[in-house]
Amino acid sequence: MTVDRPTRRLFAALAASAFAVSGAAVAQKTQLTVYTALETDQLKAYQEGFNKVHPDVEITWVRDSTGVITAKLLAEKANPRADVVMGVAATSMGVFDAEGMLLPYAPQGLSRIAAQYRDPKNPPAWVGMDVWGATICFNTVEAAKRGIPKPETWRDLTKPAYKGQVVMPHPASSGTGFFDVTAWLQIYGEAEGWKFMDGLHENIAQYMHSGSRPCASAANGEYVVGISFEYRANREKAQGKPIDLVFPKEGLGWDLEAAGIHRGTRQLAAAQKLMDWAVSDAAMALYAKNFAIVAVQSLSQPLPNVPADYASRLAKNDFAWAAKNRDKILAEWSKRYESKAAPK
Amino acid sequence: MLVAVALFVFMTAPLAAILLRSLEDRDGAFVGLANFAQYFASPAFSRSAGNTLTFALLTTLLTVPLAFAFAFAIQRSCIGAKWLWRNIALVPILAPSLLAALSFIYLFGNQGILKDVLPWFGLTTIYGLPGMVLSMTFSAFPHAVMIMLASLSLSDARLYEAADSMATSEWRKFVTITLPGARYGMISAAMVVFTMAVSEFGVPKVIGANYSVLAIDIYKQVIGQQNFQIGAVVGLILLVPALVAFFVDHAVRVRQKALLTARSVPYVPRPSPVRDRLMLAFVMLMSAAMLVVIGMAVFGSFVRVWPYNLSFTFNHYTYGFEEAGVENAYRNSLTMAAWCAVVGASLTFAGAYWLEKTRGANLVRPLVRLQAMMPMAIPGLVLGIGYILFFNHPANPLNVLYGTMAILVLSTIIHFYSSSHLTAVTALKQLDNEFESVSASLKVPFYKTFWRVTVPVCLPSIIDISRYYFVNAMTTISAVVFLYSPKTMLAAISIVQLDEAGAIGSAAAMATLIVATSGVVTLLSFAVEGWLLRRTQGWRRAAPTR
C-alpha cells in the first residue's frame, strides 16, 4: 500500500478543492436570471449597487450583444428562462412587447422618468435607463501618418480617403450597429440612406460583432475610424489612447438601454425589486458615470469629451418604426452587404 | 461495464439525437429531408461550408508537411538537443488556439511589428483566411508532430541497407522508402488536423474578420436563435468526413502494423553534414517561430497601450479579473480541469482495464472498442450540438445536467477520450495477462490485483492521462462553447468575450494565464512522475531488455 497512498492523497486534495469551489456557489438566495446586452465592465458596478439594497437577490447575467440576446429571447419565447430583461435596446423591447413577452409594471418613482424615455402605455412594458448614441472614434496618430482628414459628417466617411480604414458594428448582432443603420435611413430617407450605406460599404474594412470593438480597434491603431458609441470611446480615451471623439453633424443614431419584466417569471417579487432599483436615484447615478443622458433627466451629468449640446445632436428616432421594421431592415442590409465576399 | 454504459449515454446517444433531430421540424414533427433541402438552398450556409472546407484544407496542407519535416529532423537526422526541439514542438498544446490568433494580430495586424512582411507573400492583411490558417497551424502542429514522430520511429533499416548496396541516391531513398513508410502517419495526421480545423471556433472569431465559417454560423443559429434543426443538419454533415476519416484511419492503422515484422532492424540515422545542418536550421526556425508566437501574447498582456505606450503594466490582468467579471471563469476552468483529470483518468483507465484484462461479453466488446475510438473522429462542435439536443430535451431524465459543471466535465472527457484510452491500453498491454490468471488461481479477487499490481505499475501512464485531460480542459472551446451557462463560464471562452469587447490586452492576459497554469501543472506532473518512478518503478530498471 506504500504506492497508492501519496497518489490517493493527491487525488483527494484535488477533489476536495474542486468540491470547495463548486460548493461555495450554492447559497440560499433568490436566483434572478437577467438577460442583458450591457457591457461586461458595467455589469459589476450595477450588480453591486443593486445588492447593496437587496442582498437577498442573486443576479445571474446572461450577456451577449443586442442582436444575439434579442434572437435568443425570441427563440425561447415558449419556454422562457429570463426573469428580467435589462440593458437591452428599446427597439428590441418594442419587438418583445409586440410578441406579448413583457409583463407591464410601474416601478416606484416612475413619474421621474422623462416621457420620451419609457413605454408610453400605463403601466409601461419597459422603462428606459439611459441613452446611448453613435460616436466616431478617430485615431489621430494613424490619421496624421496617412494624411487622412478628421471627418465631420457621416457623408465624409464615404470619401476615397477613408478606403479600408472604417470599421463599424454588424447591425444584426450589435444594437449600436442597428441604430446607426436606422438613423441613416431616417436622416436621409430610405432610398438615400441605402445609397449612403452602399458608398460607406466601399470603405468598410470589417463589420464587427460588437459596438465596442470598432472603437477599440481604432484606438489600437488597427484602423483610423471606428463607428462606435460614447461609453466605449470615453473608456478608450481615458486609457491614454490617441483618439478623438467625433459626433457627425447630420445627427447621431441612438437608442435607450431599457428594462422590463419577462412574462411568466417565477420570481416576480425579486424582478420588481430589480425594476424599482433600475429607476432609482442610486442606479441613475451609476448610469450617469457611463452615459451623458439618463432617463431621469435632472440626474444627468456632463461627461468628458461629450459636447454639452449632446442631447440636441441626437437624430430623431422613431422607436415604433424601428421595432416594427427591424427584421425587414436587417434582411435588406444582409442582402446588400453580407452576401458579398469578405472585403479585402 | 459501467464505462461501456457511460460511453453509450454520453457519446452515442447524443449523436443519435442529432440524427433524429435533423429529420424533424421546430415542433418535433417528422419532415424527412426537408431541413437538408433548406440548408443546401441557403447561399449563406453554402458559402460558410465552402470557406470552412478551404480553411481546413489549407491548414492541413500547411501543417502536415511542416510536422513531417520536423519529425523527420528528430527521428531521421543527427541534430543535437533533440529533447529540446521535441518539447518546444509540444508547447502549443498548453495554449488555447485563441492565443495564436491574438499573437498573429500583434505580429501581423495593421499595427503588427512584422506587418511589412505581409506583402512579400502577396497578402494585404492578416485578417481573414491567412491569419486563420496560420493560427490553426500553430495549434494543430504539436498534434501532427506527435503522430509523425511515432510514424517515423517505425522503419526497417534493412530496406535502406539494400538501397545502399545498390548505390541508390539519397533523394531516391527518401522518395521510395521514407515517404511510403510515413504515408499512413501522414494520413492520420491530416485527419486529426482537418477535424480540429473544421470545429475551430475561437480562431475565426478573433482573427477571421468577415470570413464566415460553419462553426460560428452554427453557434449563432443554435445558441442565438435556438434553431436546433439546422444545428443537427450541419452536425450530421460534418460527421460524414469525420467518419470516413475514422475508418480510413482505422484501416491504415491495421496496415501500419504489418509494416514492421519481427525481423525488422530499427533504423539508426548516420550523420550527414549537409542534411543535418539543413534540418537543424529548419527545426530552430520552427521552434523560434513557436516561442515568438507565445512570447508575443505574453508581451502584449503586459503592455500598457498597444502600440502607443509600451510601458509595463499589470492592468490587463486586474481589468479582466476585477471589472469584466471573469475571475469566475478562471476558477471554473481550474475546477473543470481538475475534475476532468481525476474522473477522466479513472474512467479511461477502468474502461481500458475492462477491455484488456477481463473476459466475457464478447458481443459487446468490439462495440465498446469502437465507441472508445470514435471521439477522435467527432468534431467538438458536433459533440457540443449533440449534447444540447440530448440533454436539453425535456423528456430526458438526465436533463438536470444541462447547464451544470458536470456536463462540461463529461463532454470534455468524451471529447479527449480516444487518445487517453490508447495510452491506457498501451500501458496495460505491457502487463502480462498471467497476473490475472495467477490471481484467479490463487483466489485473489480481481479488484485486489487491480489495486495492488495493475494500478501501481501503470501509475506513470495514469498521470500522463490526467495531465492530458487537465491541459485540454483548460484550453478547449469547441464543444463547451455550446454547453456553458453564465455560472460555468470558462477561461478560454472568456477570451472570446474580452476580445469581442475590444479588450485585446486582457484577452492576451487570460491566454497567458492559461498557458502558465497548464505549464505549471505539466511540470508538476513530470516531477510527481519522476518521484514515483524512482520510488515504485524500480522493476523497470532492473528488467532486462527483451
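In which loop of chain B does Ala209(B) lie? Ala209(B) is placed in the loop between α9 and α10 (214-224) of chain B.

## Backbone features

Ala209(B) has a phi near 50 degrees, a positive value in a residue other than glycine, and with 22 C-beta neighbours inside 10 Å it counts as buried, the cut-off for that class being 20 or more. Lys443(B) also has a positive phi as a residue other than glycine, in its case near 60 degrees, and Lys443(B) is found in the loop between α19 (434-441) and α20 (446-475) of chain B. Is Lys443(B) buried or exposed? Lys443(B) is exposed, because 6 other C-beta atoms lie within 10 Å, where 12 or fewer is the limit for that class.

The bond from Asn122(A) to Pro123(A) is cis, with omega near -10 degrees, and Pro123(A) belongs to the loop between β4 and β5 (127-139) of chain A. In chain B, Trp306(B) and Pro307(B) are joined by a cis peptide bond with omega about -5 degrees, and Pro307(B) sits in the loop between β1 (303-305) and β2 (309-312) of that chain. As background for these entries, most residues other than glycine have a negative phi, and most peptide bonds are trans.

## Chain A

The secondary structure of chain A comes to 14 helices and eleven strands. Its radius of gyration is 22 Å, close to the 20 Å that the globule rule gives for 344 residues, so chain A is as compact as a globular protein of that length. The mean pLDDT of chain A is 90, and 90% of the residues score at least 70. Two stretches of chain A fall below 50 in pLDDT: residues 1-8, which have five contacts in the model beyond near neighbours in sequence, and residues 13-27, for which 13 such contacts are found. Where pLDDT is low, the predicted coordinates should not be read in detail.

Within chain A, strand β6 (residues 166-169) pairs with β7(A) in the parallel sense over four bridges, and Val166(A) stands opposite Ile204(A) in β7(A). Why can strand β7 (residues 204-208) of chain A be called largely enclosed by the rest of the structure? Five of the five residues of β7(A) are buried, and therefore the strand is largely enclosed.

Met101(A) is a further point to inspect, in the loop between α4 (90-98) and β4 (102-103) of chain A. Met101(A) counts as buried because it has 22 C-beta neighbours inside 10 Å. Leaving aside residues up to four places away in sequence, Met101(A) touches Leu73(A), Lys77(A), Phe96(A), His262(A) and Arg263(A). Met101(A) and Gly260(A), although 159 residues apart in sequence, are 9.7 Å apart in space from C-alpha to C-alpha.

Chain B has 23 helices and two strands. The radius of gyration of chain B is 24 Å, close to the 24 Å that the globule rule gives for 546 residues, so chain B is as compact as a globular protein of that length.

Some overall values for the chains are listed here.

| Chain | Quantity | Value |
|---|---|---|
| Chain A | box of the C-alpha atoms along the principal axes | roughly 75 × 60 × 40 Å |
| Chain B | box of the C-alpha atoms along the principal axes | roughly 60 × 60 × 45 Å |
| Chain A | residues that count as buried | 50% of 344 residues |
| Chain B | residues that count as buried | 48% of 546 residues |

Chain B is divided into domain 1 (61-213 + 244-307) and domain 2 (319-540), and the C-alpha centres of these two domains of chain B lie 25 Å apart. Across the boundary, 24 residues of domain 1 of chain B are in contact with 27 residues of domain 2 of chain B. On the side of domain 1 of chain B that touches domain 2, the elements giving two or more residues are α5 (97-108), α8 (170-198), α9 (202-207), α11 (228-259) and α12 (273-302) of chain B. The largest share of that side, five residues, comes from α12(B). By residue class, the side of domain 1 of chain B that touches domain 2 divides into 17 nonpolar, five polar and two charged residues.

Note on methods
Residues are numbered from 1 along each chain as its sequence is written. Chains are lettered from A and ligands numbered from 1 in the order in which they are written. This is a predicted model: local features need pLDDT of at least 70, side-chain atom pairs count only at pLDDT 80 or more; totals for chains, interfaces and linings use all residues. Domain bounds come from an automatic or database domain assignment. Two residues are in contact if their C-beta atoms, placed from the backbone, lie within 7 Å. Ala, Val, Leu, Ile, Met, Phe, Trp, Tyr, Cys and Pro count as nonpolar, Asp, Glu, Lys and Arg as charged, and the others, Gly among them, as polar. Two strands pair if DSSP finds at least two bridges between them. pLDDT is the predictor's confidence in each residue, from 0 to 100. The radius of gyration is taken over C-alpha atoms; the globule rule is 2.2 Å times the number of residues to the power 0.38.
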